[in-house]
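The entries below record what I looked up.

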Amino acid sequence: MANSFIDLKKNIIDTGLCTRCGGCAASCPVDAISFTNIGMVLTGECIGCGNCVTICPGGGVDLSSHEGRLFGSTRKKPLGSPLGIYRKKLDLSAYDIDIFKKGYFGGRVSAILIHALEAGSIDAALLTDWAGPGNLSIGSAGIARTRKEVLGYASSKYLFSPVLSELKDLYKDDSIRKAAIVALPCQVHAFRNMELHPGTVHLTGKIEYVIGLNCGASNLSEENWKRIIEKLTDVEQEDILDLRAWKVSGTRIHFKVTKKDGNVVEKEMSLNRYLAQINKVDVWPRCMMCPDYSNDLSDITFGMPYIRTEKGEGLVDSAIKANALKRSSINRKVAQFIIDLIMPRRKRKRTRKNIARRKKEGRPYPMFR
Ligand SMILES: Cc1cc2nc3c(=O)[nH]c(=O)nc-3n(C[C@H](O)[C@H](O)[C@H](O)COP(=O)(O)OP(=O)(O)OC[C@H]3O[C@@H](n4cnc5c(N)ncnc54)[C@H](O)[C@@H]3O)c2cc1C
Ligand code: SF4
Ligand code: SF4
Ligand code: SF4
């Protein structure tokens, strides 16, 4: 069978190229693909329609052609400027102090979503939460419709998220006319592919805003999370049930490990100590070959907000006017400038090195144009 789940499994899933975005599960017309804590598996009968293979971002993405479609222009050379095409950049925070505190980096994402819901620009948002016990490396996706629900999803989870798998429920729900999605670059790549494919375009029609997050690529396998937690907390790997890192404040990270016997170990440590451990284990293979740091195909990217499309700009402007977002009072311009200067280049360099290595070894690698 040409272009079936067998191809997806052989070329993407079994070769470490799956980004666990959930796009294939949403795209399958016969609901044959399920998301589990070991990734995507075939749980029904594949009819060989090819949707999952066509929209999958694991094998790479044609960034230039998507840019031409979305922005009316492309970068001078493929993968040119590492921050992508944008209209404006602004340093913003949530105006509301509760949202600011619940958010990971100023609560801008939650604030703009709440504003869009309250202004009637969207009826819902597709978001990411912790998946709970037994899922150290994969989050869970859901649909938020109220301020309270949006705040329940606030903060970053350094995990893969099957957020696109929710597109099917969104499509079927007649009470939702317009929505936003918050997504990492690889998830946005799959979404943009879905917009172009006749077998999946209907699933994207309600998404009014694609809100992107920067991604510096520190997603890990389940085994590697366990190794790191053991090193940092002395909880032995076989006793670990769940991990939640809930906030980075300044230069410190706080997290909580639940043991299989029900005991909870809470830790706070310097980011340097934490990152030093992360740097000792292998990052997920596909993340080592991912050139997109700044979410180049989104309407708005958060890190430093990069506003890319006209409708993204309209939403940010109306959120500022309504006092949902304000120019940040914290002076983090220098820090963010450094992040945006160093991180994307470092990620590109790592990508080039790892793709070259995979080529040399004759192993599959993603292709970007
Ligand atoms: C894996 C990962 C890597 C990141 N790497 C960088 C980086 O290198 N540099 C940088 O400047 N910023 C990075 N970010 C973005 C940063 O952590 C913040 O999410 C961003 O600045 C928005 O903060 P906020 O306070 O405005 O958002 P909040 O108001 O806290 O809202 C965060 C939103 O993110 C969504 N979300 C959380 N985890 C995920 C996930 N795994 N997949 C999809 N959506 C998710 C939630 O649904 C929530 O709505 C990364 C985020 C993630 C999840
Ligand atoms: S569509 Fe997403 S989840 Fe499915 S195989 Fe490709 S990368 Fe993995
Ligand atoms: S999307 Fe199509 S090719 Fe993929 S598993 Fe479903 S039926 Fe098979
Ligand atoms: S590094 Fe790339 S593939 Fe990995 S989670 Fe981030 S955007 Fe996705």
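**Notebook: helix packing**

I first noted that α10 passes α11 in a right-handed crossing. A crossing is left-handed if the near helix is turned anticlockwise from the far one by less than a right angle, and right-handed if clockwise. Helices (H or I, at least four residues) and strands (E, at least two) are DSSP runs, numbered from the N terminus.

This is a predicted model, in which local features need pLDDT of at least 70 and side-chain atom pairs count only at pLDDT 80 or more, while totals for chains, interfaces and linings use all residues. Residues are numbered from 1 along each chain as its sequence is written, and chains are lettered from A and ligands numbered from 1 in the order in which they are written.

**Entry 1: α10 and α11**

I looked up the angle between α10 (residues 222-233) and α11 (residues 271-278): it is about 140 degrees, and the axes are 10 Å apart. Axes are lines fitted to C-alpha atoms, for helices over the stretch in contact, and angles run from 0 to 180 degrees between N-to-C directions. The two helices are therefore oblique to each other; angles under 35 degrees count as roughly parallel, over 145 as roughly antiparallel, 65 to 115 as roughly perpendicular and the rest as oblique.

I then listed the residues that meet: Ile228, Lys231 and Leu232 from α10, with Tyr274, Gln277 and Ile278 from α11. Contact requires C-beta atoms, placed from the backbone, to lie within 7 Å.

**Entry 2: isoleucine 229**

Leaving aside neighbours within four places in sequence, I found isoleucine 229 in contact with Val235, Ile240, Leu243 and Val257.

I recorded Gly312, Leu315, Val316 and Ala319 as buried in α12. They cover an arc of only 95 degrees around the axis, which puts them on the same side of α12; the arc is that of the directions from the helix axis to the C-beta atoms. On the other side of α12, Glu310 and Lys321 are exposed.

The buried residues of α12 pack against several elements, including α6 (108-118) and β9 (207-213). In α6 itself, I noted that 10 of its 11 residues are buried. Just after α6, glycine 120 has a positive phi of about 80 degrees.

Notes: Buried ≥ 20, exposed ≤ 12 C-beta atoms within 10 Å, placed from the backbone. Contact = placed C-beta atoms within 7 Å.
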